[in-house]
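Work through the exercises below with the model in view. Try each task before reading its solution.

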Amino acid sequence: KRQWQRNNWDVDIKLTKEHYSMVGGNLEINNPEKSRDEGTYVCIAYNIHGTIRSREATLNFGYLYPFPPEERHAVKVREGIGAVLLCDPPPHFPDDLSYRWFLNDFPEFITLDKRRYVSQTNGNLYIAKVEPTDKGNYSCCVTSNSITKSVFSSFISLIPQADRSKGYVPDIRVKFKDTYALLGQNVTLECFALGNPVPELR
C-alpha cells in the first residue's frame, strides 16, 4: 500500500477526492492552490514486512510582486560619461527573470547596441557613453517566464548635463561569475564596459 503526506500530515484522498487523486501511486492535484497545496510531500510505501519513505519533494508556487510605487530619484550625468540605471527587481520566485527597459512611452523598448546594454543577471541598464538623446524617463520591465507575468518599475529620469567629457578609459561594469553547466547546455557569459569612445569588446 501507499500513502502520501504533506507537511507530515496524511493526505486524505477519499475525503478530498475532487482535489486529490491517486493514479498508479502518483498523487495528482486538481487545480492546485498556494494556500492549500504548497509544502513538502513524501510517499510512504508499506507491507507486512516493513515501511519505506520516499525522498521529500517540495511544491512551490511561482510569484512576482509589483515594484514599489515610490518615485525613483533622477540620475544626472555629464554627457560623454557612462551611466547605470538600477532595476532592483521586486521579490520573486523562481529566478528565471528576463529584463527590458522602455523609454518614455510603453511599449517603446530600448534597442540595445554597442552603447546600451541590459544585464539579464540583475536587470540594470548600462549606457557606455551618455548622449543628449538619452534624456527621458526610463522604466524597467521584469518578466517571469515561469508564470508569464510582467511588472514595471516607476520611471527614472535620466538628465544629461551639457559638460561634455573629453573621454575616459574603458570600465567593465558587467562581469560574469563562476558558472556551472551540464554537457551540451548553452551558457551566456555577460560582459559590458562603459567608456568614451564606446569600447569595443573582444
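The exercises that follow go from confidence to cysteines, then to a sheet and a loop residue.

This is a predicted model, in which local features need pLDDT of at least 70 and side-chain atom pairs count only at pLDDT 80 or more, while totals for chains, interfaces and linings use all residues. Residues are numbered from 1 along each chain as its sequence is written, and side-chain values use heavy atoms, with hydrogens and water left out.

**Exercise 1. Confidence**

Task: Find where confidence in the protein chain is lowest and where it is highest.

Solution. Start with the score: pLDDT is the predictor's confidence in each residue, from 0 to 100. The protein chain has a mean pLDDT of 88. In it, 96% of residues reach 70 or more. Now go to the strands (DSSP runs of E, at least two residues, numbered from the N terminus). Strand β18 (residues 168-174) has the lowest confidence, at a mean of 71. Strand β15 (residues 136-144) has the highest, at 96.

**Exercise 2. The disulfide**

Task: Which cysteines does a disulfide join, and what parts does the pair tie together?

Solution. Apply the rule first: a disulfide is a pair of cysteine sulfur atoms within 2.5 Å. The count comes to one disulfide. It joins C87 to C140, with 2.1 Å from S to S. The angle about the S-S bond is -75°, and the link of C87 and C140 is left-handed. C87 lies in the loop between β10 (83-85) and β11 (92-93), and C140 lies in strand β15, so the pair ties together parts that are 53 residues apart in sequence. Both C87 and C140 are buried (under 20% relative accessible area, with a 1.4 Å probe and protein chains only).

Now check C141. C141 is in no disulfide. The nearest cysteine sulfur is that of C140, 7.2 Å away. C141 is buried too, with a relative accessible area of 1%.

**Exercise 3. Around C43**

Task: Is C43 buried or exposed, and which residues is C43 in contact with?

Solution. Locate C43 in strand β5 (residues 39-47). Its relative accessible area is 14%, so C43 is buried. Then list its contacts (heavy atoms within 4.5 Å). Leaving aside neighbours within four places in sequence, they are R2, Q3, W4, I52, R53 and S54. Take S54: C43 and S54 are 11 residues apart in sequence, and their C-alpha atoms are 5.2 Å apart.

**Exercise 4. A sheet of three strands**

Task: Work out the strand order of the open sheet that holds β14, and say which strands stand at its edges.

Solution. Strands of a sheet pair through backbone hydrogen bonds, either parallel or antiparallel. Here two strands pair if DSSP finds at least two bridges between them. The order is β10-β14-β13, with antiparallel pairing. β10 and β13 (116-118) stand at the edges with a single partner strand each, so one side of each is left without a neighbour in the sheet. Look at one pair in detail. Three bridges join β13 to β14 (residues 125-127). Y117 stands opposite Y126 in β14.

**Exercise 5. Beside the sheet**

Task: Where is R115 placed, and which residues does R115 touch?

Solution. R115 is in the loop between β12 (97-103) and β13. Its relative accessibility is 11%, so R115 counts as buried. Not counting residues up to four places away in sequence, R115 touches Y126, I127, A128, K129, V130, E131, D134, F192 and V198.

Methods
Helix = DSSP H or I, 4+ residues; strand = E, 2+ residues; numbered from the N terminus. Buried < 20%, exposed > 50% of the residue type's maximum accessible area, 1.4 Å probe, protein only.
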